[in-house]
Amino acid sequence: MAETDEPMLVDGDAGSTSDWDDRWNHIKKFLERSGPFMHPDFEPSTESLQFMLETCKILVIGAGGLGCELLKNLALSGFRNIHVVDMDNIDVSNLNRQFLFRAKDVGRPKADVAADFINSRVPGCCVIPYFKKIQDLDETFYRQFHIIVCGLDSIVARRWMNGMLLSLLVYEDGVLDPSSIIPLIDGGTEGFKGNARVILPGMTACIDCTLELYPPQINFPMCTIASMPRLPEHCIEYVRILQWPKEMPFGDDMALDGDDPEHIQWVYQKSLERAAEFSITGVTYRLTQGVVKRIIPAVASTNAAIAAACATEVFKIASSAYLPLNNYMVFNDVDGLYTYTFEAERKENCSACSQVPSDLHFSPSSKLQEVLDYLTESTSLQMKSPAITTTMDGKNKTLYLQSVASIEQRTRPNLTKTLNELGLADGQELAVADVTTPQTVLFKLCFTS
């Protein structure tokens, strides 16, 4: 949707909310006349444009490389009621591709600056920022939106958002109420590769249905990290994995936060000391944050292409004028340009979107540690720090919880006990909480001979 249809604006021009003649001509061509690619049930009218301009409420999650592009595209496509959530502050390294930011903005919240920029440059558009983690916002907040668009760099955050939208679904006698569905448009980039997908929670494949599609994180052998480091990354991983939990510099219950400058500074200083011991050079603050947060270098043109695809899908769903993507698009411009689409299928036993507890097949003599390993290492689950509870004699019992040091210490002996010794029975339900989902995931224990 051509930006050239908008008049050239300078700072201060955007005070008026009134539309000028022919402002939305480029949108009207799609919505007020027939065409060969239109949805077969769509009837051209003026109502779709009015819905987009006045009613449709969009939530953009992330105001980084993808988020900046998405906000610009949506604002220039006729969406005026846009909310954006981002927990990060602007870093100087963002300025090469996150074009809504300037050098004077370094240190300020991305959401606030992005909203101010769009509001000042696109008349009539109202972007409302939230400088928060997505986990800090509740069901009532998310329920108000018609469409949610993700421009995230975290698989954990994607899965949490996926779980939130699944938790909002309403079933009546086992039948999904379509009015409770909030479409999720998810975009992701990794260097010169990217993807865009359309998720209709409860109907199409969700994020957790297709975890195998996400690239595995790069991990270094523990023996190399501990005794034979050769790279600056080895030194940083040593501090992250071994020194942090041992020294607990910010308190017993404080997990390492890649977005906390004090945490990164501590890891950076300790990594420099480790590197000096082995005459290794190359440890920098930026590399330290990249290793801790598993950051992959971003390419502006890839972000632009994926954001354009996502914004197009938002337009198609909001207007109902065209069939949306069904349901996954892959983009690759490493060697030339290659793209294709396919339909990811729902998993019947998906732990996130299926309506029945997933089965866990273990022998009664299996140890709880084996269950924990399965939850974290299985390609279909990939949990990060699962807390396992169950119900015994009408009371909740915590079998293992590692996010709180005092409870972890108390429940750690359970890891070496067998399922029999823990008093678990065949068919018993285990409730698992994890940072990857706002919901507790239920599993049914199935004993094998």
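Contact, in all of these legends, means heavy atoms within 4.5 Å. The views show a predicted model, in which local features need pLDDT of at least 70 and side-chain atom pairs count only at pLDDT 80 or more, while totals for chains, interfaces and linings use all residues. Residues are numbered from 1 along each chain as its sequence is written, and side-chain values use heavy atoms, with hydrogens and water left out.

**View 1**
C126 is found in strand β3, which covers residues 126-130; helices (H or I, at least four residues) and strands (E, at least two) are DSSP runs, numbered from the N terminus. Leaving aside neighbours within four places in sequence, C126 is in contact with R80, N81, I82 and N119. At 39% relative accessibility, C126 counts as partly exposed, a class that lies between buried (under 20% relative accessible area) and exposed (over 50%), as found with a 1.4 Å probe on protein chains only.

**View 1. The nonpolar cores and F79.**
A nonpolar core is a set of buried Ala, Val, Leu, Ile, Met, Phe, Trp, Tyr and Cys residues joined through side-chain atoms within 4.5 Å. The largest such core has 52 residues, and those with the most contacts inside it are I58, L71 and F79. Its largest share, eight residues, comes from helix α11, residues 300-319. When neighbours within four places in sequence are left aside, F79 is in contact with M52, C56, I58, L74, C125, V314, F315 and A318. A second, separate core of 24 residues includes F141, C150, M164 and L184.

**View 2. Helix α8 against helix α10.**
Two packed helices are described by the angle between their axes and the distance between the axes. Helix α8 (residues 232-247) and helix α10 (residues 285-293) pack at an angle of about 60°, with their axes 10 Å apart; the axes are lines fitted to C-alpha atoms, for helices over the stretch in contact, and angles run from 0 to 180 degrees between N-to-C directions. That angle makes α8 oblique to α10, since angles under 35 degrees count as roughly parallel, over 145 as roughly antiparallel, 65 to 115 as roughly perpendicular and the rest as oblique. The crossing of α8 and α10 is right-handed, a term used if the near helix is turned clockwise from the far one by less than a right angle. On the α8 side P232, E233, I236, E237 and R240 take part, and they meet L287, T288, V291 and V292 in α10. By class, this contact of α8 with α10 has five nonpolar, one polar and three charged residues, where Ala, Val, Leu, Ile, Met, Phe, Trp, Tyr, Cys and Pro count as nonpolar, Asp, Glu, Lys and Arg as charged, and the others, Gly among them, as polar.

With their axes 9 Å apart, α8 and helix α9 (residues 261-277) pack at an angle of about 115°, and their crossing is right-handed. The contact is made by C235, I236, Y238, V239, Q243, W244 and E247 of α8 and by H263, W266, V267, K270, S271, R274 and A275 of α9. These residues divide into eight nonpolar, three polar and three charged. D260 lies in the loop between α8 and α9 and, at 23% relative accessibility, counts as partly exposed.

**View 3. The buried residues of α10 and the residue after the helix.**
In α10, T288, G290, V291 and V292 are buried, and what covers the buried residues of this helix includes α8 and α9. Just after α10, R294 takes a positive phi of about 55°.

**View 4. Loop residues elsewhere in the chain.**
The peptide bond from N326 to N327 is cis, with omega near -15°, and N327 has its place in the loop between α11 and β9 (328-332). Q382, in the loop between α12 (368-377) and β12 (387-392), has a phi near 50°, a positive value in a residue other than glycine. D393, in the loop between β12 and β13 (395-400), has a positive phi near 55° and is exposed, with a relative accessible area of 80%. T437, in the loop between β14 (429-433) and β15 (441-447), is buried, with a relative accessible area of 14%. Not counting residues up to four places away in sequence, T437 touches W160 and G163.
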